[in-house]
Amino acid sequence: MGAWDSSVTGNDTAQDMKSEYQAAFYYNDVETALKKIDDYVRLIGFDESDPREWCDYYYSLADFMWRKGILSDAVMKETLRLIDSGFGLELWEESGRKILEGRKKALQKFRDKITAPQPPKKKISIKLYMKPIFEIGDIITFQLQTADKTYTGEKANVSETDFKEADGKYIVIRKIADKVSYTSVIEPAVRDIWPIFQLYDGIFDELPKPEDVMYLKSAKFILPLFLGGDNPDGIFGCEGSLFYFKKRKHVILGNDQKDIDRLFNKYNIGMKYDTYGASVDVSNDPSRWIEYIFFSINKPWRNADEDFINAISGR
């Protein structure tokens with residue numbers, strides 16, 4: 001069943017479908033979205049004869065629509081029919097009386113919720129990085145921001161003093177490709193794109209000039225063996241949002257296509273997008289080879305700036 005609790009969303013199907021619900025209702029009116037969702041679930045093998053998946057799907061759909069204030073009469077009517085008929089409860093009965101009673105209580109609570117007045121209609125947003133940032137080969141410089149970060153000393157390639165003194169200095173990266181972690185089947189325009197960069201081995205006190213970075217070597221990420229070992233080419237992925245780069249006063253210094261195909265294939269990046277979204281499907285998931293750095297994380301145990309500085313000092 002892929003369920004971890006008795007609620008209507010505590011299962012794999014509900015979580016997997018959430019992104020498809022968002023995509024469908026973001027681009028379509030309710031009637032059209034429901035038709036596309038129905039076509040999709042039947043295409044992947046869900047139908048009314050499969051109580052395991054059908055309940056998880058239909059209840060999660062009703063829950064999503066109710067939360068967004070768009071639950072239709074038809075969906076509510078069918079949801080109530082499934083609950084009141086006990087459809088699928090025999091599967092919970094197999095797990096014992098206590099589990100079965102927990103599921104019944106969860107369904108009654110859910111029934112009470114969706115028969116109550118809906119909240120006001122909410123705007124459906126998609127919290128994904130849907131468009132590529134920068135061009136393949138772009139060489140980008142931006143500032144480190146260490147003043148408000150905690151020095152963790154996790155890899156100890158740099159001292160706390162050097163870490164703090166790096167605030168406002170510049171580092172240089174080059175865009176290699178884009179990793180597409182998710183693409184909606186219902187609305188293929190909805191996709192989650194993470195840029196893949198190469199980090200260079202250099203820190204500059206002032207904004208570097210193009211000639212300053214011509215002969216820089218790559219930085220080195222120290223990775224554990226179970227992730228494939230060290231990454232000597234400085235390849236990393238991060239959130240596909242320009243916000244973090246603008247905040248760090250980024251500047252594009254130029255474009256260099258040299259060696260990109262070799263790096264792309266070496267690290268099995270998998271998907272490469274050009275500016276207009278044309279894609280080339282290449283290979284496997286790169287997660288076991290590539291360091292992922294998150295600008296959005298500023299915690300006592302990790303921050304992007306220390307990851308960058310450690311890699312630059314890693315040789």
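A pocket, as I use the word here, is an open set of grid points with protein on both sides within 12 Å along at least five of seven lines. Keep in mind that this is a predicted model.

With that definition, the largest pocket holds about 280 Å³ of space. Its lining is made of 16 residues, and those nearest the centre are Y200, M214, L216, D256 and K258. By type, the lining of this largest pocket has 7 nonpolar, 2 polar and 7 charged residues.

The second largest pocket has about 230 Å³ of space. Here 13 residues form the lining, with T9, K18, D63, F64 and R67 nearest the centre. Which helices each supply at least two residues of that lining? They are helix 1, residues 12-27, and helix 3. Helix 1 gives the most, 5 residues. The lining of the second largest pocket divides into 3 nonpolar, 5 polar and 5 charged residues.

Two or more lining residues come from each of helix 3 (51-67), helix 5 (89-93) and helix 6 (97-115). Helix 3 has the largest share of that lining, with 5 residues. In the lining of the largest cavity, 9 residues are nonpolar, 1 is polar and 3 are charged.

Last, helix 4. This helix has 13 residues, 73-85, and at 1.5 Å a residue it should span 18 Å; the end C-alpha atoms are 18 Å apart, so the two values agree.

Which residues of helix 4 are buried? They are V75, T79, L80, L82 and I83. Looking down the axis of helix 4, these buried residues fall within an arc of 160°, so they line one face of the helix. That buried set packs against helix 2 (30-43), helix 3 and helix 6. On the face turned away from the buried side, helix 4 carries the exposed residues D73, A74, K77 and D84. After helix 4 comes G86, with a positive phi near 75°.

To recap, helix 3 turns up in several places: in the lining of the second largest pocket, in the lining of the largest cavity, and against the buried residues of helix 4. That is what I had to show.

Technical notes. Residues are numbered from 1 along each chain as its sequence is written. This is a predicted model: local features need pLDDT of at least 70, side-chain atom pairs count only at pLDDT 80 or more; totals for chains, interfaces and linings use all residues. Side-chain values use heavy atoms; hydrogens and water are left out. Helices (H or I, at least four residues) and strands (E, at least two) are DSSP runs, numbered from the N terminus. Ala, Val, Leu, Ile, Met, Phe, Trp, Tyr, Cys and Pro count as nonpolar, Asp, Glu, Lys and Arg as charged, and the others, Gly among them, as polar. The expected span of a helix is 1.5 Å times one less than its number of residues. Buried means under 20% relative accessible area, exposed over 50%, partly exposed in between (1.4 Å probe, protein chains only). The arc is that of the directions from the helix axis to the C-beta atoms. Contact means heavy atoms within 4.5 Å. On a 1 Å grid over the protein atoms alone, a cavity is a set of points where a 1.4 Å probe fits but cannot get out, and a pocket is an open set with protein on both sides within 12 Å along at least five of seven lines; lining residues have an atom within 4 Å of a point. Grid points are joined across faces, edges and corners, and a volume is the space filled by probe spheres set on the points.
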